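The sequence and structure are shown below.

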Amino acid sequence: MSRMRLALSLTAALIGGAASAQAPRVAVDIAPVHSLVARVMEGVGAPDLIVQSGASPHEYSLRPSEAAALQDADLVFWIGPGLTPWLTDTLETLASDALVSELLDAPGTIALEFRESALFEAHDHDDHADHDDHDDHGDEDHAEHAHKDHDHAEDAHDDHGHKDAGHDDHAHGAHDPHAWLSPQNARNWLNVIAGQLSAADPDNASIYFANAAAGRAEMETLIDEVNATLAPVRGGEFIVFHDAYQYFEADFDFPAAGAISLSDASDPSPARIAEIQGRIAEQAVDCVLTEPQFNSGLVATVLDGTQAKTGIIDPLGSDLEPGQALYPALIGNLATALAECM
């Protein structure tokens, strides 16, 4: 290698290293949220994923590399203690200097209460919304609105950050934490994420806001595609394995008829199983959706003696490669699996 080429190579390496060093260190709890953060950080850096694909976020043992990512983080994005209760104390210990954003508490987030019953009514999600009009928060793509979202997000962090993450409302699970399955929430969170990243890294603020705006436009396309996929089967009856999908149901006006297990995927009682079997028989339920990591024997019991079909869905996208493409693939796969099962 010539001296000129060697000098240019060293210069490029130093510039690249400097750019990498300027990017904030970001840790994210689950793969779908990691995907959204990766979309906003495109061209600047890459976030670290804490709960690896295929693992349950409800209970998890950190690997040394994941603990190190939290310890080194400048920012942490997580759904909140309702999904990962074990992470509350871990953030206190390992990420005490980081800016922690609890997305379930972010301004504009659709937050739905847990459903306790085995059988659902079509209007359940309308009764349980935790805000008045989420559309007011999600229709402007320009940077000024994103900056306003950031200002509110900082206030939310002061009130709901990791210092207070174990307060009673969340400890008792006031809201269903599976809020990422609402593309409307994801669309809103892109602005929240851009605002927090820009506060930590103002030199790259224009990139973060541009990425968030592009991501929001992509989310609108995704919503249209899912609606088109579901249109031919809309009105069909389906049962889910555990009650993790009401945000998806609400966004696309396609309510489930019931869930075999509660939102935390705990084992259902014989009485709950009997209720589900009765609903399948009485209303000619078309489909029972299971998940790869849960007990297939329970689904077989529920399906016994019925004509209902079965399909497989996964709320975390465990079979997908982590990264910015995961979120749209996850939502698209949910719609496809549901349509094919109907």
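## Overall make-up

The protein has 13 helices and 8 strands, where helices (H or I, at least four residues) and strands (E, at least two) are DSSP runs numbered from the N terminus. This is a predicted model, in which local features need pLDDT of at least 70, side-chain atom pairs count only at pLDDT 80 or more, and totals for chains, interfaces and linings use all residues. Residues are numbered from 1 along each chain as its sequence is written, and side-chain values use heavy atoms, with hydrogens and water left out.

Of the 342 residues in the protein, 51% are buried (under 20% relative accessible area, with a 1.4 Å probe and protein chains only). The accessible surface comes to about 15,100 Å², and carbon and sulfur atoms account for 49% of that area (Shrake-Rupley method, 1.4 Å probe). Among contacts (heavy atoms within 4.5 Å) between residues at least 6 apart in sequence, 68% join residues at least 24 apart.

## The parallel sheet

An open sheet is formed by 4 strands in the order E6-E5-E7-E8, with parallel pairing; two strands pair if DSSP finds at least two bridges between them. Strand E6 (258-261) and strand E8 (309-312) each have a single partner strand, so one side of each is left without a neighbour in the sheet. From one strand to the next, the twist averages 25 degrees.

Within this sheet, strand E5 (residues 238-242) pairs with strand E7 (residues 287-290) over 3 bridges. Ile239 stands opposite Val288 in E7.

## Two helices

Helix H11 (residues 270-283) lies across E5, E6 and E7 and runs at about 145 degrees to E6. Axes are lines fitted to C-alpha atoms, for helices over the stretch in contact, and angles run from 0 to 180 degrees between N-to-C directions.

Helix H8 (residues 183-200) reaches 26 Å from its first C-alpha to its last, close to the 26 Å expected for its 18 residues (1.5 Å times one less than the number of residues). H8 is mostly covered, with 15 of its 18 residues buried.

## Nonpolar cores

The largest nonpolar core has 83 residues, of which Val76, Phe77, Trp180, Leu181, Trp189 and Phe248 touch the most other members. Such a core is a set of buried Ala, Val, Leu, Ile, Met, Phe, Trp, Tyr and Cys residues joined through side-chain atoms within 4.5 Å. Helix H13 (residues 326-341) gives the most to this core, with 10 residues.

A second, separate core of 15 residues includes Ala118, Ile239, Ala257 and Val288.

Technical notes:
Buried < 20%, exposed > 50% of the residue type's maximum accessible area, 1.4 Å probe, protein only.
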